[in-house]
Amino acid sequence: MQRKVEEVLLNHKKERSELILVLQEVQGRFGYISQEAVGQVADHLKLSQSEVFGVATFFSQFRFTKPGRHTVKVCSGTACHVRGGARVLDFVQDELKLKPGGTTQDGRFSLERIACFGCCALAPVVVIDDDVYGKITPSKLKNILGKYG
Amino acid sequence: MSPIKGINLQKIRQEADSEWKTLNQGGKPRILVGSATCGRAAGALEVLKAFKRELAERKITAVLTEVGCVGLCYLEPIVGIQKSGYPLVLYQKVSPQKVTELVEKWLQGNDPCPEYALGKIEGESLNGIPNLFELPMLASQVRIVLKNCGFIDPKKIKEYIANKGYQGLEKTLEMKPKEVIEELRRAGLRGRGGAGFPTWRKWEICRDSPANPKYLICNADEGDPGAFMNRSLIEGDPHALLEGILIAGYTIGAAQAYIYIRAEYPLAVERLELAIRQLGDYGLLGKGILGSDFSFSISIKKGAGAFVCGEETALISSIEGKRGMPRPRPPFPAVAGLWGKPTVINNVETLATLPHILRNGANWYSQYGTPTNKGTKTFALAGKVERTGLIEVPLGISLREIVYDIGGGIPNGNEFKAVQTGGPSGGCLPAAHLDLPVDYESLVEAGSIMGSGGMIVMDERTCAVDIARYFLSFTQKESCGKCVPCRVGTKRMLEILERVTQGEGDLEDLENLDTLAETVKNSSLCGLGQTAPNPVLTTLKYFRQEYEAHIVERRCPAGVCKQLIAYSIDPEKCTGCEACKKTCPVQAISGEKKGPHSINQEICTKCGNCYEICKFGAVIIQ
């Protein structure tokens, strides 16, 4: 993995303004940002590890543990909330025995709570990997989850 | 910089015009599939696949195009078909089965399937299909910014050019920057990000700042939950934004623009990247644009998910590669912004309006709206309303016209309760304010804000206290933690609201909530903290009796707050159809088929599935 992080770094200037982009690419490649990756990014951009970590933890996009095979993203935007999104999130949490940000023990699902996907007309919305599901109810979701092995 | 002579897009425009003509009158049918993110969620890609298959199987040559969203999200997937010699007809809720019928009956036959049609665009009458823009949800809209969305291919720059694209830029480049600013002042355009600061003034301050270089930033970090105007616009018509950026860049004297866009909008990012490459190919970006001395480049910066980055100084920190935290203003970014240089930050909608103003002139633009609030504004209409979608209306229109005429009122015969504007920074306005004109000042006076355009309608089944708690939990989580009033104040307010929704509040809590809210509003560093109390203050003001019901009677009148409600089944109304029993995720419902069912309160998790599924109104909330 160390060498692969270096491959990402090679494409970037050693400037601080590249930091967030670099972190996004590292996460895009490995699914998360490991402690070693933080160190390598810091070395490349001549920043301290704490600065890099400070920026990474500030933004909700970044995660620091390995994600599951499938990521269930539950929208918690206003329209979704008004149309029962909170009940959908409660259901997923109970069903998968997970809190947002966590991964199931078998590594099958990760759960994320997203501020808003901007598909408000189809509220409530759940996105699994890249598939968007609109007008979701707990019972519909139960069937959908079964499709992801 | 002197006005640039000799730039003209004449040749490209001629090509674009003739291609557009061939496309529309060339004999081949043209099929438009609305496949923005919202359309895709409704199944647009399956519809697209069905068209490809049908056309191939029947050996029909047609031009099949993926377009953006017309804004009628509740009717997605929407498909437009233009058969040679006939007007363009839009069809609603298209499924792969309907595709087969449309191809067979209309493309191969003579039946335009009026039963599936939504409306047609201009042209002669066609089997009684109504005119699209005369339908109730569109009649009071004025589409300027959204003009092209859903009608042109967002992936083709030539379709944009053929629809008068880049004419505004051409005009701009013939003018001196000062003249452009004057035109904009006369047009009266105000910041569409929500604050309503006059755009021309911001530009003038930046242009007059002595420091160089200058920067332009497009704020596409649409962070308000419940808002999707910018996403739709970029997905449907990315060149409108880019043209606006070029106009703004030239006028303020910048050579570099950044588009700061949310990473949650992958399709919008993809469309922008392609559109920027096309601009480069046509010599409209880079060094010495079309042989002039105006050089310009545009870069995309993907946001990493922080609501506070919608605040301009926080956004700047984030582009600089730092934690996205705001700093005190002044100095304003127009004087000292990105890397300490003069920077203009404009919202997507503000920028995308510019081409229209420059092309048609200030007088044309200011005919819409009111004397102090000119022009149009887009809103994302969602929540408990029949016709959800993206709308564009002249400023000064009443909330009632939006909710009832355009939105079609509240579904299921429920009662209107409130409309929420401005997302977590705005407030909930009750029925008594339905006749309020939608303009910057009136909304602020009523305790809300214009905001970037999220508009969520609430009905009797929405709990005012729960909504306040919902928004506070959002702003509390998104508070960057730099200043104490916001960091600690939002947390304490949230704790009180949680107590109230759990039936553990007391009346003194309401006094404290009021005091806290005023303090946070008056003393926070940036807009996030200054506006975070708005949902609390407006619900306290307009729905106080609901707070009191939670506290005194330990009851949630809307039947939302879990700790204060219980589901049960009315044995009189229950038909024993077993629908609720099957849908219950925890097997809390028992009863024989055709006999009355009952809910075991000890197992019930109050998920509400049974309530949603029961067709007989037998499940009741107490």
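Author: Strand β4 (residues 88–91) of chain B pairs with β5(B) in the antiparallel sense over four bridges. V89(B) stands opposite K120(B) in β5(B). This is a predicted model, in which local features need pLDDT of at least 70, side-chain atom pairs count only at pLDDT 80 or more, and totals for chains, interfaces and linings use all residues. Residues are numbered from 1 along each chain as its sequence is written, while chains are lettered from A and ligands numbered from 1 in the order in which they are written.

Reader: What makes β4(B) and β5(B) paired strands?

Author: Strands are DSSP runs of E with at least two residues, numbered from the N terminus, and two of them pair if DSSP finds at least two bridges between them. Four bridges are found here, so the two strands pair.

Reader: Why is one side of β2 and of β5 of chain B left without a neighbour in the sheet?

Author: The open sheet of five strands has the order β2-β1-β3-β4-β5 (chain B), with mixed pairing. β2 (63–67) and β5 (117–121) of chain B stand at the edges, each with a single partner strand, so one side of each lacks a neighbour in the sheet.

Reader: Why is strand β12 (residues 416–421) of chain B called largely enclosed?

Author: Five of its six residues are buried, so β12(B) is largely enclosed by the rest of the structure. A residue is buried if 20 or more other C-beta atoms, placed from the backbone, lie within 10 Å of its own.

Reader: Which strands does β12(B) pair with?

Author: Five bridges join β12(B) to the antiparallel strand β14 (residues 454–459) of chain B, with T421(B) opposite M455(B). Three bridges join β12(B) to β13 (residues 428–430) of chain B, also antiparallel.

Definitions and conventions: Buried ≥ 20, exposed ≤ 12 C-beta atoms within 10 Å, placed from the backbone.
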